[in-house]
Number of protein chains: 2
Amino acid sequence: MTTTIHDVARHANVSAATVSRVLNSRTDVASHLTERVLASVATLRYRPNGAARSLRTRATTVLGVIISDITNPFFTSMVRGVEDAAQTAGYSVVLANTDEDLDKERRYLEVAVAEQLAGVVLSPASSHHTRLDVLTDRGIPVVTVDRRLRDRSIDSVTVNNYRAAFDATGHLLEQGCRRVGVIAGPAATTTGSRRLAGYRAALRAFDVADDPAHVVHGDFRIDGGRSATLELLARGEVDGLLVSNNLMTIGALEALAQTGHQIPDDLAVVGFDDMAWAGAMRPPLTVVTQPTYEIGRRTADLLLRRIRGEELPPQRIVLPATLAVRQSSLRAAPMR
Amino acid sequence: MTTTIHDVARHANVSAATVSRVLNSRTDVASHLTERVLASVATLRYRPNGAARSLRTRATTVLGVIISDITNPFFTSMVRGVEDAAQTAGYSVVLANTDEDLDKERRYLEVAVAEQLAGVVLSPASSHHTRLDVLTDRGIPVVTVDRRLRDRSIDSVTVNNYRAAFDATGHLLEQGCRRVGVIAGPAATTTGSRRLAGYRAALRAFDVADDPAHVVHGDFRIDGGRSATLELLARGEVDGLLVSNNLMTIGALEALAQTGHQIPDDLAVVGFDDMAWAGAMRPPLTVVTQPTYEIGRRTADLLLRRIRGEELPPQRIVLPATLAVRQSSLRAAPMR
DNA sequence: ATGAAAGCGCTAACAC
DNA sequence: GTGTTAGCGCTTTCAT
């Protein structure tokens, strides 16, 4: 039927133990035996049985990636980076969606344990309520991505959200906007809270009053972005808008079109997270771009180091996010 | 350490075999024992070890989804449908990207075998060259999605691409366009070839000459769409454009903006595959919409039936794709 | 340096 | 109906 390690052993005239040693690249095997084994593996097209291996070793070579929404292009691009890094190291990747739901998140963390995943990349639903003990108790490493936890002992890879939001808001103020609204993310996420904090800091820096009416929270999804924007407009006119993620930006643009606002003349817009189509829009969209693929790679690299057992202090890797200025935020008569 | 089936057996005062029977919901266990076992499972928070199970049964409860590009929103939405259906049936899902590369595809099919996946959802890189024997020889069911194989014995779930392209092209012709270009997909894929065939049929139906200069092939990616469009424009003016998938549409729009074409006045545009942002674009984009999530669900349902061993003739499920007319294709003075 | 043998946690024959 | 037993394919002591 399927060829096992014993078939290879017989073919190479060695014991199964020796084949196993060769396959796990241990150095204590005579080189002529190594060659013979490798040759047999090749001719028999032998593939080790993953189930048997992980039953025995109590570990797999599978990484879990638990994110809120696989249809969000930010995450898919990030996942690509994780996949590539994992692949190179001989690991495969499984994905799960939480929909920002703490219950679903907890369930998937348990699955990760049951499946004995080698490690987990997590974009936590909440900086305070997400509990990782299930994993850490059993020594399964976790790295959070895009967002952090309050718990500083957990590795994370993020961008400087505060700074990015500060710059984006500053850019709108430099363009002459004085009533700048923000569609903020869920307060439970660090992307939500840090970006809002950056926005507020920019207002202060420019001596512009921080009007509570100018802040509306959305849920990082399209519909939420649309309704939050309509709510904001209902509270009074604004002349600039910062939207805290990509999907909400789509909703916001729909709302603005629907209410007859001209961009950037009536209202200058800056979104968060570049998207493949941001440049194809009319007017092209000014956004905070994140190195999504790189974020994924770095996250996976860090996770793999933990899996290998490297001892390092808790890492908080921060990558740069930069403002890509396009027409949606450029006003005719900018202020100096 | 971790609780095993024997711990549960001891706690419930039965044999491991009985616990196994209960867990696999076999009917030949006395109901009072079933209760006791279930209670023990709950109090001990027992989770069966997947590795041990699949080592024994030579099968997993994992589905593989092998697609060309996880960053393409068509596929992610489809994958959501697969995930939800799989989840309900107690299966989990792993993803892989082929980048339309036959080698990569073959490699992942081998991984599917090695990992003893229960079944595979595949969007084949080529209708002629993709070989599925690796899987079918070992009884691993496959359903192709989005695209078909020449081999009619393989189940598939697609939309009626021919008809959809026919309608989309017909719509452009009804709008008065007479020089309609098409950015076609890779000829190796059925989505590429069927959509092109539908386009040609519409030209015939409207008695419009089929100018070879109006057909350019792209690779289903953004850059390919951009360069194909520039190539098309270089060959001579067109007044209508059909783009055969979503990512190429983004590239096409960039090319049109860059060359100063006004949509829809200079050139009416219809894209394929709805995207969350199609309605947020100015002008809103006319596209062929596919029931992506539903496609995923139906695919998974079919695959799960095959996994359960149901005997049915080869299925070729065809779901409806419909034209969502928005402004990008609406001309001032349409022809009747 | 290499082989023999035990056992990871589970299910499927086979007894009873 | 339920328990006993063997063994899935691999790695890892422990001898040699």
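Begin at DNA strand D and select the protein surface near it: α1 (5–12), α2 and α4 of chain A, with α2 and α4 of chain B, each supply at least two residues of that surface. Helices and strands here are DSSP runs (H or I, at least four residues, for helices; E, at least two, for strands), numbered from the N terminus. The model is predicted, so to speak of local features requires pLDDT of at least 70 and side-chain atom pairs count only at pLDDT 80 or more, while totals for chains, interfaces and linings use all residues. Residues are numbered from 1 along each chain as its sequence is written, chains are lettered from A and ligands numbered from 1 in the order in which they are written, and side-chain values use heavy atoms, with hydrogens and water left out.

**DNA strand D**

Select α4(A) next; with four residues, it gives the largest share of the surface near DNA strand D. Sugar and phosphate make up 63% of the atoms of DNA strand D that come within 4 Å of the protein. A residue counts as near a strand if one of its heavy atoms lies within 4 Å of it.

- Asn49(A): a backbone N or O atom lies 3.0 Å from a phosphate oxygen of DNA strand D.
- Arg53(A): a side-chain N or O atom is 2.7 Å from a phosphate oxygen of DNA strand D.
- Arg21(B): a polar side-chain atom lies 2.5 Å from a base oxygen of DNA strand D.

Colour this surface by class to find eleven nonpolar, nine polar and seven charged residues. In this scheme Ala, Val, Leu, Ile, Met, Phe, Trp, Tyr, Cys and Pro are nonpolar, Asp, Glu, Lys and Arg are charged, and the others, Gly among them, are polar.

**DNA strand C**

Move to DNA strand C, which 27 residues surround; the closest are Ala30(A), Arg58(A), Ile5(B), Tyr46(B) and Arg56(B). Select Tyr46(B), where a side-chain N or O atom is 2.3 Å from a phosphate oxygen of DNA strand C. At Thr18(A), a polar side-chain atom lies 2.6 Å from a phosphate oxygen. Arg56(B) instead places a polar side-chain atom 2.4 Å from a base oxygen. Highlight α4(B), which gives the most to this surface, with four residues.

**Between chain A and chain B**

Finally, select the contact between the chains, with 43 residues from chain A and 44 residues from chain B; contact means heavy atoms within 4.5 Å. The buried area is about 3600 Å², of which carbon and sulfur atoms give 54%. This is the accessible area (1.4 Å probe) that two parts lose on being put together, summed over both. In chain A, Arg47(A), Arg80(A) and Arg282(A) lose the most area to chain B, together 16% of what that side buries.

Seven salt bridges are counted between the chains, a salt bridge being a side-chain nitrogen of Lys or Arg within 4 Å of a carboxyl oxygen of Asp or Glu. One of them joins Arg80(A) to Asp99(B), with the closest N and O atoms 2.8 Å apart.

Conventions. A polar contact is a pair of N or O atoms within 3.5 Å; within protein, one must be able to donate a hydrogen and the other to accept it, and residues adjacent in sequence count only if both atoms are side-chain atoms.
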